[in-house]
Amino acid sequence: NPKAAVVVDEMVAPLKNKVVTIEGTVEVLTTGVKETTTKIYHKYVGVEGSTSPQAQQSINTPRVILKITPKKIETLDTTH
């Protein structure tokens with residue numbers, strides 16, 4: 001079943017939320033995963049941080065990328 005949904009919900013305070021919901025179809029990518037993971041590490045921990053043993057173990061862990069093509073995007077902001 002290629003259908004997928006992602007919800008990101010940030011609770012700012014009780015009864016105050018910021019929410020985004022994405023619904024669509026998902027494609028499983030198996031190529032370019034290590035390169036993408038490395039780019040993510042470079043962005044968040046820097047090139048030096050990505051050379052640590054822990055980072056290298058994570059970068060080299062077999063995984064896939066789930067690419068979602070959105071069909072519907074909704075947002076909600078109850079902080080106002």
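Modeller: Two strands count as paired when DSSP finds at least two bridges between them. Keep in mind that this is a predicted model.

Biologist: Okay, so what makes β1 and β2 a pair?

Modeller: The cut-off is at least two bridges, and β1 and β2 have ten, in the antiparallel sense, so they pass. Within that pairing, Val8 stands opposite Val20 in β2.

Biologist: And why are β1 and β3 called edge strands?

Modeller: The open sheet has three strands in the order β1-β2-β3, with antiparallel pairing. β1 (3-13) and β3 (65-77) each pair on one side only. Neighbouring strands are turned by 20° against each other on average, direction ignored.

Biologist: Why is Val28 called exposed?

Modeller: Exposed means over 50% relative accessible area. Val28, in strand β2 (residues 16-29), comes to 53%, so it counts as exposed. With Val64 and Leu66, Val28 forms a nonpolar patch on the surface, about 280 Å² of accessible area together.

Biologist: How do you know that Glu74 and Lys72 form a salt bridge?

Modeller: The rule asks for a Lys or Arg side-chain nitrogen within 4 Å of a carboxyl oxygen of Asp or Glu. For Glu74 and Lys72 the closest N and O atoms are 3.5 Å apart, so the pair qualifies. By this rule the count comes to one salt bridge.

Definitions and conventions: Residues numbered from 1 in each chain as written. Predicted model: local features only at pLDDT ≥ 70, side-chain atom pairs only at ≥ 80, totals over all residues. Heavy atoms only, no water. Patch = residues over 30% accessible without salt bridge, like charges linked within 9 Å, V, L, I, M, F, W, Y side chains within 5 Å. Areas by Shrake-Rupley, 256 points an atom, 1.4 Å probe, with all protein chains shown as cover. Helix = DSSP H or I, 4+ residues; strand = E, 2+ residues; numbered from the N terminus. Buried < 20%, exposed > 50% of the residue type's maximum accessible area, 1.4 Å probe, protein only. Axes fitted to C-alpha atoms, helices over the stretch in contact; angles between N-to-C directions.
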